[in-house]
Amino acid sequence: MFEENAMRLSEAIEAYYLACRVNNISQKSMISYQSNVNSFLTVVGDMPVNELTPNHVRIYIAHEMERISPNTGRHLSANRSPNPMLLSELFAAGCMIKR
């Protein structure tokens, strides 16, 4: 259910970037985070944060796993999985975890 004034995922991501800057995250890490976050946003869409569920994270992880060629033997790395700090920021922004 969409609430008119609900925070959108893109707004929560901007708050996450601000938290990263305040926490003095390195530029190299920020570039990696932005790549992951942009991919996450592309896969799940710019939904209201309070509608984000653990299943959306699973959908993103499955999407990333499908992009990796089985012939290379590569696995989903920590750099391509959702950042725990991002997820905590999103849920802190008002998301009620739904199962």
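Me: Which residues is His56 in contact with, leaving aside its neighbours within four places in sequence?
Reply: In this predicted model, His56 is in contact with Phe40, Val44, Met47 and Glu51 once those neighbours are set aside. The side chain of His56 also reaches the backbone nitrogen of Thr53, at 2.9 Å, and His56 itself is found in helix 3.

Me: Why is His56 called buried?
Reply: The relative accessible area of His56 is 18%, and the word buried is used for values under 20%, so His56 counts as buried.

Me: What makes Asn24 count as exposed?
Reply: Exposed means over 50% relative accessible area, and Asn24 has 67%, which is why Asn24 counts as exposed. Asn24 lies in the loop between helix 1 and helix 2, and its phi is near 60°, a positive value in a residue other than glycine.

Me: Why does Glu11 count as partly exposed?
Reply: Glu11, a residue of helix 1, has a relative accessibility of 43%, and because partly exposed covers the values between the 20% limit for buried and the 50% limit for exposed, Glu11 counts as partly exposed. Although Glu11 and Pro48 are 37 residues apart in sequence, their C-alpha atoms are 9.3 Å apart in space.

Me: How do you know that the span of helix 3 agrees with its number of residues?
Reply: Helix 3 holds 14 residues, 54-67, and at 1.5 Å a residue these should span 20 Å; the end C-alpha atoms are 20 Å apart, so the two values agree.

Me: Which residues of helix 3 are buried, and why are they said to be on the same side?
Reply: The buried residues of helix 3 are Pro54, His56, Val57, Tyr60 and Glu64. They cover an arc of only 160° around the axis, which puts them on the same side of helix 3. An α-helix has 3.6 residues a turn, so residues three or four places apart point the same way. On the other side of helix 3, Arg58 and Glu66 are exposed.

Me: Which residues touch the most other members of the largest nonpolar core?
Reply: Leu9, Tyr16, Tyr17 and Phe40 do, in a core of 14 residues. Helix 1, helix 2 and helix 3 each supply at least two residues of this core.

Me: Which elements have the lowest and the highest mean pLDDT?
Reply: Helix 4, residues 84-92, has the lowest mean pLDDT, at 61, whereas helix 2, residues 27-44, has the highest, at 87. Over residues 94-99 the pLDDT is below 50, and beyond near neighbours in sequence this stretch has 13 contacts in the model. The mean pLDDT of the protein is 74, with 65% of its residues reaching 70 or more.

Technical notes:
Residues are numbered from 1 along each chain as its sequence is written. This is a predicted model: local features need pLDDT of at least 70, side-chain atom pairs count only at pLDDT 80 or more; totals for chains, interfaces and linings use all residues. Side-chain values use heavy atoms; hydrogens and water are left out. Helices (H or I, at least four residues) and strands (E, at least two) are DSSP runs, numbered from the N terminus. The expected span of a helix is 1.5 Å times one less than its number of residues. Buried means under 20% relative accessible area, exposed over 50%, partly exposed in between (1.4 Å probe, protein chains only). The arc is that of the directions from the helix axis to the C-beta atoms. pLDDT is the predictor's confidence in each residue, from 0 to 100. Contact means heavy atoms within 4.5 Å. A nonpolar core is a set of buried Ala, Val, Leu, Ile, Met, Phe, Trp, Tyr and Cys residues joined through side-chain atoms within 4.5 Å. A polar contact is a pair of N or O atoms within 3.5 Å; within protein, one must be able to donate a hydrogen and the other to accept it, and residues adjacent in sequence count only if both atoms are side-chain atoms.
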